[in-house]
Amino acid sequence: MEVFLIRLLQFMLAISILVLLHEGGHFFFAKLFGVRVEKFYLFFDPWFHLFEFKPKRSDTTYGIGWLPLGGYCKISGMIDESFDTEQMKKPAQPWEFRSKPTWQRLLIMVGGVLVNFLLALFIYAMVLFTWGDSYYALKDMTYGMKFNESAKEIGFRDGDILLRTDEKTLDKFDVDMYRDIANAGSVTVLRGGREVTITMPEDMSLLTMLKEQPVFVKPFIPADVDSVLAGTPAQKAGMRKGDKLLAIGGTDIDSWNEFDDCIGRLQDVMTSAKTGADSLKVRTTTIVFAHKDNPAKTDTAQIVLTPELTLGVGRTYLNTYYKEVKLEYGFLESFPAGAVYGVNVLRGYVDDMKYIFTADGAKSLGGFGAIGSLFPPTWDWMMFWRMTAFLSIILAFMNILPIPALDGGHVLFLLYEMITRRKPSENFLIRAEYIGFGILILLMVVANLNDILRWLGYM
């Protein structure tokens with residue numbers, strides 16, 4: 001429950017910041033060009049609101065709604081999600097949106113997207129200035145990588161060191177690495193001291209690579225024991241710090257990657273256990289391990305894993321074997337670095353949009369639950385701001401899509417007007433707004449339904 005609340009608070013804070021600044025972008029340009037803003041709301045307020053006030057000598061009512069699905073800036077003389085058609089039947093007034101030149105209306109509509117994009121770049125810059133950046137270089141991973149069966153069918157082998165694709169050098173272990181491999185025509189690895197080039201299939205999918213269990217590729221982490229907890233199955237078996245796990249349940253392993261796969265299979269079996277005896281049978285297994293002081297000597301022990309299927313050892317991680325590359329940025333240096341980082345995130349997100357039109361892509365759509373789960377389970381300011389910047393880029397991109405009811409839909413009609421010098425009829429704009437709003441509601445229902453199905457275990 002505590003983890004849920006922490007994630008919920010982070011999600012609500014991030015969304016509040018992004019919505020306020022997005023609508024603030026529309027508000028700024030509207031005020032700049034003398035357009036009256038009737039309402040400025042955080043969250044939606046169908047039927048009632050939580051808070052509302054109107055300053056003296058102001059045309060704008062400010063408030064907070066009860067439905068945390070976004071916010072809005074109601075601009076006079078504009079057909080938007082409020083569907084205020086009565087106002088549009090009256091003669092146009094000089095302070096209304098519809099009375100302003102096309103270029104001013106265009107800037108008012110792109111104001112929110114512009115603010116969100118610039119905000120993301122600024123946040124990334126400040127994150128780099130405050131915390132810097134760190135990563136593990138693929139070329140330094142001398143143990144190489146651990147590949148799943150799909151990767152091995154293509155031609156990869158455990159221990160391969162990733163070097164480059166036919167298009168670019170593979171530098172870091174991150175989601176961009178997976179994306180580069182998925183888009184590559186070939187991948188070159190270092191195997192046994194010589195370079196080997198592997199031809200990639202044309203139907204590679206980033207979604208498939210990441211959803212497979214185990215995933216397509218992970219860093220190879222030897223199954224070395226970093227510590228042994230008191231009173232655990234590992235201690236009872238005689239394991240000590242520095243020992244190496246060689247097998248579990250009759251399956252040979254050479255890494256923590258394979259250990260996790262074995263435990264994952266036991267967890268699948270555990271789901272069908274109906275009695276305590278069934279559970280005990282699943283948890284009873286054997287392990288084989290080599291001693292640190294004498295690697296040639298191995299011990300075999302029968303153990304009973306904990307009800308959570310844990311062995312009771314502290315494992316080694318990447319930082320046990322490799323030195324992390326750390327980059328620090330001065331204040332002025334952080335701005336171009338943040339811009340490059342943000343543009344790269346946007347490029348990757350746009351590239352991944354092609355999967356939306358596939359069956360797996362539709363299933364991968366997530367709603368508020370999926371977005372909230374991206375935040376860390378503990379309050380981490382660096383991760384919070386990184387996630388906020390990422391969501392800001394998503395909000396900017398999604399809003400600029402040419403879908404009626406989104407900013408991009410309004411921009412599309414304004415560009416049409418600028419090019420043809422003909423203004424779409426108000427009836428057409430109203431119908432388009434209804435269609436666009438319907439599309440958005442449908443997408444929201446599908447995304448949140450996916451969240452529910454994943455929570456119930458059907459996806």
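1. Lysine 244 and aspartate 224 meet through their side chains in a salt bridge, 2.6 Å from N to O (a side-chain nitrogen of Lys or Arg within 4 Å of a carboxyl oxygen of Asp or Glu). Lysine 244 lies in strand S10 (residues 244–248) and aspartate 224 in the loop between strand S8 (217–219) and strand S9 (225–228), so the pair ties together parts 20 residues apart in sequence. Helices (H or I, at least four residues) and strands (E, at least two) are DSSP runs, numbered from the N terminus. Aspartate 224 counts as buried at 16% relative accessibility; lysine 244, at 32%, is partly exposed. Buried means under 20% relative accessible area, exposed over 50%, partly exposed in between (1.4 Å probe, protein chains only).

2. Please keep the basis in mind. This is a predicted model: local features need pLDDT of at least 70, side-chain atom pairs count only at pLDDT 80 or more, and totals for chains, interfaces and linings use all residues. Residues are numbered from 1 along each chain as its sequence is written, and side-chain values use heavy atoms, with hydrogens and water left out.

3. The salt-bridge count comes to 19. Arginine 386 pairs with aspartate 133 at 3.8 Å, N to O. Arginine 386 sits in helix H14 (residues 381–400) and aspartate 133 in strand S3 (residues 133–135), so this pair ties together parts 253 residues apart in sequence. Both arginine 386 and aspartate 133 are buried.

4. Glutamate 258 bridges to lysine 146, with the closest N and O atoms 2.8 Å apart. The link runs from helix H8 to strand S4 (residues 145–147), across 112 residues. Lysine 146 is buried, at 7% relative accessibility. Lys146 and Glu258 belong to a salt-bridge network with Lys152, Asp158 and Asp254.

5. Helix H8 (residues 256–270) also holds tryptophan 256 and phenylalanine 259, three residues apart, which means about one helical turn. Both are buried. The whole structure has 30 aromatic pairs. In this one, the ring centres are 5.3 Å apart and the planes at 90°, so it is edge-to-face. Rings of Phe, Tyr and Trp (its six-membered ring) pair if their centres lie within 6.5 Å; planes under 30 degrees apart count as stacked, over 60 as edge-to-face and the rest as tilted.

6. Phe27, Phe40, Phe51, Phe53 and Tyr62 make up one aromatic cluster.
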